[in-house]
Amino acid sequence: MITVKNLVKKYADFKALDGLSFEVNENEIFGLLGPNGAGKTTLIHILATLLKPTEGGAIVNGFDVLHNATKVRQSIGVVFQAPSSDDILTGYENLKIHALLYGIPRKLREKRISEVLELVGLEDRKNDQVKKYSGGMRRRLEIARGLLHHPKVFFLDEPTLGLDPKSRETMWKYIKKMVREEKVTIILTTHYMEEADMLCDRIGFITNGKIIALDSPSKLKQEIGGDVVKITFNDRIPLDKDFTKFDFVHKVEQKENSVIIYMEKVNSNLHMLIKDLDGVQTIEYKKPTLNDVFLKLSGDYLSGDSPEGGFMQRYAQYKKS
Amino acid sequence: MLSTKNLSSNIVLGQLYALWLREIKVFLRERSRLVASTFTPLLWLIVIGSGLGSTNLQIGTDYEKFIFPGIICMSVIFTSVFFGAYIIWDRKFDFLKSVMVAPSSRTTVFIGKTLGGMTTSLFQVAIILVVGIVLGINYDALSLLQILSIVLILSFCLTSLGLTFGSYIESLEGFQLIISFIVFPLFFLSGALFPIDNLPAWLKLITLVDPATYSVDALRNSILHLGTYSFEYDLAVLLLFTFIITIIGILSFRRMKAV
């Protein structure tokens, strides 16, 4: 659905994107994860035809973002980070104006506006001015607006930034619903790990304009060694037990009177591990989170000048304000 | 910068309507903007009009009546330039981005905005024309038609000018610059408040490159029969200015950064 090839974007001496290549499949939710200033928004702007890349290119829904901008624009819906609906107009008026901008024929217009309003659960608020909406409702209205013209690809730039935990969960619900009902491919950027884990089929980690890892959340978590089980015995470790004989065990470490076992799928395999085991004092286990993956991956990249509040980011904010 | 060809004219018309509709709805709902932009010209008309009018000037009519065409132009200058410069605000929040990712060309966005500017100017001028009746000014069908066309053209011209500057300026503080360096010079140098016939040569030269000069003169011609040039000459020069500024505006708008 999307092919990105060797994408480079330079601002003076600063490389926002540094030779990015990846593909996004049809009907998947693809997450772009990374610290602030990693290049996620720049990438979205290029894919949405708002920015020209310095080098490389991208194909969206079969159309070149550089040479066929109109076709790309007809294929995509976008929700930007900052609010982009007129808060002095009503939700319905915002949708009508955008339906006209997308050239949706008069006969289909009203029907489609009701459909998208219903999809994001705002039909009873459609005649209120947007300034009376909550942050989450406003974001949902913008999703509805982006869906008006039946896009094939949908970009969500930090869809839950600044929302409280409850609104965030509501948002996730609607994002899943829109994939199911509208059959769109979604690219979303976020720096909330649990959001990416919850929603995304695959995740690309971006740091300093490069993709440093790309896989499904579960595979990424396995890469840092899978689940960890720590069995502590009453006095000492039984000598006759060989945990490495199981296929699902990767590695075994021993410490005093406990064993630490790195393994796959602790939920379904634990019972085999502890069968016929005597003298067990405690069993603890930990499933790695995307956060662990992120910290491990970005560890060597984020030394010194951390992007979170680092110089480049402060500079970018200064330029923006 | 990016190609947006192959759109049917039906769709482009719908897009123009959408952009126009948005501007008008926002304008009508922002009461404070509406009141402020109508009140200022009236204040000038009444205070400056009676103030300077009491000093016995040799201009061939009452001073209040003399500046009346100038005040009409003043209202168009203020409304239109600011209207165009509002693009800075649209860019500040992501409205402009959301328009730019729609399959509409930048020229369409530009024209849609100028249509909005023209309509808001008409609202204001209509109010001032009503006040004119109180001052004892008589209109006939021809003069109303002439006022309408001059107001529409000047407004198109100056909204383009505002959009042009707005497309280069990134900060909201830039508005201040626009007031000092565009709005006030356009107004003061247009001959709205004084006759331009007997000005010193250097000052007269500057008034000649101000499109508002020809609008004031044309309106003075049609309302008071007191113009320096003929109505046709004024109209032609104004159209020329409008054409040039619109071309520059569209070009600036196309090279403007979307993000």
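1. Three salt bridges are counted between chain B and chain A, a salt bridge being a side-chain nitrogen of Lys or Arg within 4 Å of a carboxyl oxygen of Asp or Glu. One of the pairs in a salt bridge is Glu93(A) with Arg29(B), whose closest N and O atoms are 2.8 Å apart. This is a predicted model, in which local features need pLDDT of at least 70 and side-chain atom pairs count only at pLDDT 80 or more, while totals for chains, interfaces and linings use all residues. Residues are numbered from 1 along each chain as its sequence is written, chains are lettered from A and ligands numbered from 1 in the order in which they are written, and side-chain values use heavy atoms, with hydrogens and water left out.

2. Nine residue pairs between chain B and chain A are in polar contact, both residues at pLDDT 80 or more. A polar contact is a pair of N or O atoms within 3.5 Å; within protein, one must be able to donate a hydrogen and the other to accept it, and residues adjacent in sequence count only if both atoms are side-chain atoms. On the side of chain B that touches chain A, the elements giving two or more residues are α1 (9-29) and α5 (95-100) of chain B. The most comes from α1(B), with 11 residues.

3. The contact (heavy atoms within 4.5 Å) takes 36 residues from chain A and 32 residues from chain B. The two chains bury about 3000 Å² between them, 65% of it on carbon and sulfur atoms. Buried area here is the accessible area (1.4 Å probe) that two parts lose on being put together, summed over both.

4. Arg91(B) lies in helix α4 (residues 87-92) of chain B; helices (H or I, at least four residues) and strands (E, at least two) are DSSP runs, numbered from the N terminus. Arg91(B) is buried but has no salt bridge, and Glu170(B), the nearest side chain of opposite charge, is 5.6 Å away. Buried means under 20% relative accessible area, exposed over 50%, and partly exposed in between (1.4 Å probe, protein chains only). The side chain of Arg91(B) does reach the backbone oxygen of Ile169(B), at 2.6 Å.

5. Most residues other than glycine have a negative phi. Asn27(A), not a glycine, has a positive phi of about 60 degrees. Asn27(A) sits in the loop between β2 (14-24) and β3 (29-33) of chain A and is partly exposed, with a relative accessible area of 36%.

Terms used
Lys, Arg positive; Asp, Glu negative; His and termini not counted.
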